[in-house]
Amino acid sequence: MPCRYGAGRKAPPGRHVPFLDIFGPLDAVACVSEFPPLIKEDGETAVVVAAGKKLTFAAKALPGLRLLLSGHPVHLDEAARTVGAEVETLAKILVEEDLCATLTPELSSGYTGLATSAVS
């Protein structure tokens, strides 16, 4: 039986730009999962299921998770004033897990005229 080229390889989608903090702090993000993440509250925890991953957070992270995974661009300084400073830590985790991406000018232009900031 012939082997399919690249079968079993999991390469990140090419449109996702990795975040490197050597270029400065993470200022803004957008959820880039193929389908809307499922967010469930489960007693003391919040569970996020998306992109074949299951992530568990403390329940107090729910407001930040809902904001960051809303599908809208999120500017972290505005989000911190709305849901608390821990949103920056959540954003870093979600970027590392490829559920969110740094809001680059190119990614931001995709939202121009289509969506406003999630905190607006």
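Mentor: Let's start at Ala51, which is exposed, with a relative accessible area of 57%. Keep in mind that we are looking at a predicted model.

Trainee: Where is Ala51 found?

Mentor: Ala51 sits in the loop between E3 and E4. Although Ala51 is not a glycine, its phi is positive, at about 50 degrees. The hairpin of E3 and E4 has two residues between the strands.

Trainee: How many bridges join strand E3 to strand E4?

Mentor: Six bridges join them, and the two strands run antiparallel. E3 covers residues 45-50 and E4 covers residues 53-58. To follow the pairing, look at Ala46, which stands opposite Phe57 in E4. As a general idea, side chains in a regular strand alternate between the two faces of the sheet.

Trainee: Now for charges. How should I read a salt bridge, and how many does the structure hold?

Mentor: In general, side chains of opposite charge can pair when their charged atoms come close. This structure holds one salt bridge. Glu97 forms it with Lys53, and their closest N and O atoms are 3.4 Å apart. Glu97 lies in the loop between helix H3 (87-96) and strand E6 (100-102), while Lys53 is in strand E4, so the pair ties together parts that are 44 residues apart in sequence.

Methods:
Residues numbered from 1 in each chain as written. Predicted model: local features only at pLDDT ≥ 70, side-chain atom pairs only at ≥ 80, totals over all residues. Heavy atoms only, no water. Pairing = 2+ DSSP bridges. Helix = DSSP H or I, 4+ residues; strand = E, 2+ residues; numbered from the N terminus. Salt bridge = Lys/Arg side-chain N within 4 Å of Asp/Glu carboxyl O. Buried < 20%, exposed > 50% of the residue type's maximum accessible area, 1.4 Å probe, protein only.
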